[in-house]
Amino acid sequence: MSEFLDPKFAPLKPYTPGEQPRERKFIKLNTNESPYPPSPRVVKAAGEAARGLQLYSDPTCLAARAPLARWLGVKPEEVFVGNGSDEVLTILFAALCPRGASYADVTYSFYPVLAQLCGLDAKVVPLREDFTLCPEDYAGIGRTVFIANPNAPTGLALTRTQLDVILRANPDVLVVVDEAYVHFGAESAVPMLTAYKNLVVVGTFSKSRQMAGGRLGYAVARKEVIEDLDRIKFSFNPYNVNSMTMAAAAASVEDNVYFEDCRQKVMATRTHTLEKLRGLGFEATDSLANFVFVRHPQKSGGELYKALREAGILVRWWDAPRIADWLRITVGTDEQMEALFAALEVILQQ
Ligand SMILES: *Cc1c(COP(=O)(O)O)cnc(C)c1O
């Protein structure tokens, strides 16, 4: 830290991203990327867009917003796009939490970092013992609500009926539903936007659209809320999405066959993975995401994490309250999961 840093940022604890190894070849099951490459149409579109890189990207991002809006069944003026959904979330925390933020104790670990960065009054709401969320706990919470649905790292999802309870009980604050993992089997809240003025749905191309490195996230909300997001974006980074990513995103949305194929494969592999891991004695949540969340009665989370790393397999483990014995394991290809099962069989005998 230098003597020039504004002292208000001295206590800030930045987000720790999952390891992105550069040297050793690991089987990477730690950051919930897709195990499949982007569609050939996406690669082609990005390459063609590269020929125009001498020009600034379109600050209105219409090339990405229009196809996305069509796919979501909303109007382009009801869609905002950002440099990853982390940027979209940052703007929401910075500008749309006038009375603070509230979120679960076990959820996306970026929320507390953003609340701290923005100096917000944060109300942390504990999940139940089994990691399910009790919608009634959010009645009249008085702060912008952030809910990852399905939740990370548990994979557990709320139904639209449960979200109804939260939205109805909080007409005076925004409820942000972060749907990073929604396309692996949960119900999207997008159809609820017509009924609720206080709803913002956030999504990303990182998990179900093979574009984590392309950095594209979005928010869907009524026009006035999207205008608020634009007001902030045009105050710090008008060209926030690059032209290659916009072209890639449009091509991704248009290649629905590829999208369906990849997400169906991930869901099938998840079902098989859960069966196998439960067979090995693991306890697992009923994940509706592209990862499983598991613990073993005989081995601590830290032990398993380290042994798997030795075996060349990266998974995610947090030395944090409530979840220190749990591992979050991304659903990879069937082959990658076979390697995981084989490694675990050996580790569990030791
Ligand atoms: C991965 C993830 C994001 C961030 O996605 P990017 O679009 O890659 O920034 C947001 N929310 C949750 C819950 C996530 O797991």
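Let's start with the lining of the second largest cavity: sorted by class, it has six nonpolar residues, two polar ones and no charged ones. Keep in mind that this is a predicted model. The residues around this second largest cavity are Ala 104, Thr 107, Leu 133, Tyr 138, Phe 146, Ile 147, Ala 148 and Asn 151. Strand β5, residues 144-148, gives the largest share of that lining, with three residues. The space inside comes to about 30 Å³.

## The largest cavity

How many cavities of 30 Å³ or more are there? The count is two, and the largest has a volume of about 40 Å³.

Its lining includes Ser 39, Val 42, Arg 209, Asp 255 and Phe 259. Split by class, the lining of the largest cavity has three nonpolar, four polar and two charged residues.

## Where the ligand sits

Now for the ligand: the space it takes up is the largest pocket. Among the residues around the ligand are Gly 84, Tyr 108, Ala 180, Thr 204 and Lys 207. The whole shell divides into three nonpolar, four polar and four charged residues.

Which ligand atom lies 2.7 Å from a polar side-chain atom of Asp 178? That one is a nitrogen. Ser 206 has a polar side-chain atom 2.6 Å from an oxygen of the ligand, and a side-chain N or O atom of Arg 215 is 2.7 Å from a ligand oxygen. On its own, the ligand has 380 Å² of accessible area, and the protein covers 93% of that.

Methods:
Residues numbered from 1 in each chain as written. Predicted model: local features only at pLDDT ≥ 70, side-chain atom pairs only at ≥ 80, totals over all residues. Heavy atoms only, no water. Near = heavy atom within 4 Å. Polar contact = N/O pair within 3.5 Å; in protein donor to acceptor, adjacent residues only side chain to side chain. Areas by Shrake-Rupley, 256 points an atom, 1.4 Å probe, with all protein chains shown as cover. 1 Å grid on protein atoms, 1.4 Å probe; cavity = no way out; pocket = protein on both sides within 12 Å on 5 of 7 lines; lining within 4 Å. Sits in = over half its atoms within 2 Å of the grid points. Nonpolar A, V, L, I, M, F, W, Y, C, P; charged D, E, K, R; others polar. Points joined across faces, edges and corners; volume = space filled by probe spheres on them. Helix = DSSP H or I, 4+ residues; strand = E, 2+ residues; numbered from the N terminus.
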